[in-house]
Amino acid sequence: MLNLLNQYKNNKSNNKNNQKTSIKTIKNNHNIKMKRTQIKQIKEHISKQICIKGFVQKIRGQSKIKFLILRDITGTIQCICTSKDESLFEQISKITPESVVSIIGLVKEEKQAPSGVELKIEKIEILSLSEDLPIQVIEKNKTETTLPKRLDYRWIDIRKTDKLKIFQVWTSLEIGMRKYFEKEKFMQIYTPSFMSTPSESGAEVFEVKYFETTAYLSQSPQFYKQMALAGGFEKVFVVGPVFRAEKSNTTRHLTQFTGWDFEVSYVDEIKELIDIEEDMIISCFKQIEIDKLIDIKIPQKPFPTITMKQAKEILKLEKIKSEKDYDLSPEEERKLSQIIEKKFKHEFVFLTDFPTQGRPFYHKRYDEDKTLTKSFDLLYKGIEITTGAIREHKLEILKKQAIDKEMDLESLEQYFEFFKYGCPPHGGCGLGPERIIMKLLDLETIKEATLLPRDVTRLTP
Ligand code: AMO
């Protein structure tokens, strides 16, 4: 028995040794498996042999020399090959634009090359050959391919450096947001998208078949973040998908967007929430500055804050037509932001104290004036990016406010449960990061700020 075991062990260790040798041999024979260098680091490797991988942006051919521009996420580099190396020259002739290749070559200083260095190609391997492109990555003239066509081929569209930047900025913005919430000891929670009742107003909700019943896609994590506070979490934030059956095809609406929401316990006044949001936004913008992605102006605290009533008075003086006295139209938002920017040199403005008519039933009302809610919006460069409020946490008042708004109390039964067994006073808000990115980068539409936008007609790719 012992003999057998030893034999088995010996066999195993021999196999292992054989395996090691064969992997080594493969590596030596195909040094294409060398460690990859990113293009932005090439300058650190002058006179050395390196391996780079990426998309072939362009090939310029002459009879004796070929220039190949290779692109990875960090930049581009000019690679060259002369006709002296016939087979390599031949191989490069077959490569199409946007193919993915692996190149081994020697780094040389070259004053005439766009980045001051170039790579003399010694070996090239085609990892994936591209077919004829449906849209161009490098547009020949200034007019870009139309947005719908670019969105149809979004994975090619985002190879462009300006499109790539949008998502790098988004990543920084989100890191800044998380840094703030981490510093302030917020808890991240995940909330379901399937709900048994609509989470905001009924009109903009998607219904989905859910086995034998109907479910609704969450229009906001609102009820669940409040539930978490009823559970004693005190400070929570959510990053997640939000669904709105918005029929309007505007530059600011998507049918699915990302919601950044936070909610905190033991706050009574909106200025406490505004203070949190200001710090969070400053942290976001500072992160973009740290990451050196774009030139960015860090907003200064306190952000300008005016009441809805004051806003309407200012707009009236400017002769801007107002349809509702409880809300602002997109034109009013734009105009108000322009006025504030001119007067306070600030791109943000908090609008507070909305009349109850324009706000959901769960917004708390002022004791001294029940027609006004303890709520706010934040406008950034002419567009609403946030809605927030102190919530009504007293069940009887909450129910009365729901009745005032002619809501179906039965469908709110589950929500009302959260307030029955002790619930701290609280408040919070919801932000739309796509809208922040759109305005920060002066994009024409929110769709550009979204990797794969969903709107009234688009469900692909
Ligand atoms: P609200 O409905 O205002 O508030 O949404 C919060 C923020 O989400 C963004 N947003 C959108 N972004 C893209 N496409 C859309 N269709 C869209 N709709 C809204 C905006 C908006 O300011 N429960 C409340 C928040 C709260 O009180 O905590 C809510 O959902 O930037």
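An oxygen atom of the ligand is placed 3.1 Å from a polar backbone atom of Thr386, a polar contact being a pair of N or O atoms within 3.5 Å. The model is predicted, so that local features need pLDDT of at least 70 and side-chain atom pairs count only at pLDDT 80 or more, while totals for chains, interfaces and linings use all residues. Residues are numbered from 1 along each chain as its sequence is written, and side-chain values use heavy atoms, with hydrogens and water left out.

| Residue | Residue atom | Ligand atom | Distance |
|---|---|---|---|
| Tyr362 | polar side-chain atom | nitrogen | 3.2 Å |
| Gly432 | backbone N or O atom | oxygen | 3.1 Å |

The protein buries 92% of the 630 Å² that the ligand exposes when taken alone; accessible areas come from the Shrake-Rupley method with a 1.4 Å probe. Helix 6 (222-230), strand 15 (383-390) and strand 16 (426-431) each give two or more residues to the shell around the ligand. Strand 15 gives the most, with 4 residues. Helices (H or I, at least four residues) and strands (E, at least two) are DSSP runs, numbered from the N terminus.

In total, 23 residues surround the ligand, each with a heavy atom within 4 Å of it. The closest are Glu200, Gln222, Glu384, Thr387 and Arg391.

Elsewhere, Phe194 belongs to strand 7 (residues 194-195). Phe194 counts as partly exposed because its relative accessibility is 47%, where buried means under 20%, exposed over 50% and partly exposed in between.

Methods: Polar contact = N/O pair within 3.5 Å; in protein donor to acceptor, adjacent residues only side chain to side chain. Buried < 20%, exposed > 50% of the residue type's maximum accessible area, 1.4 Å probe, protein only.
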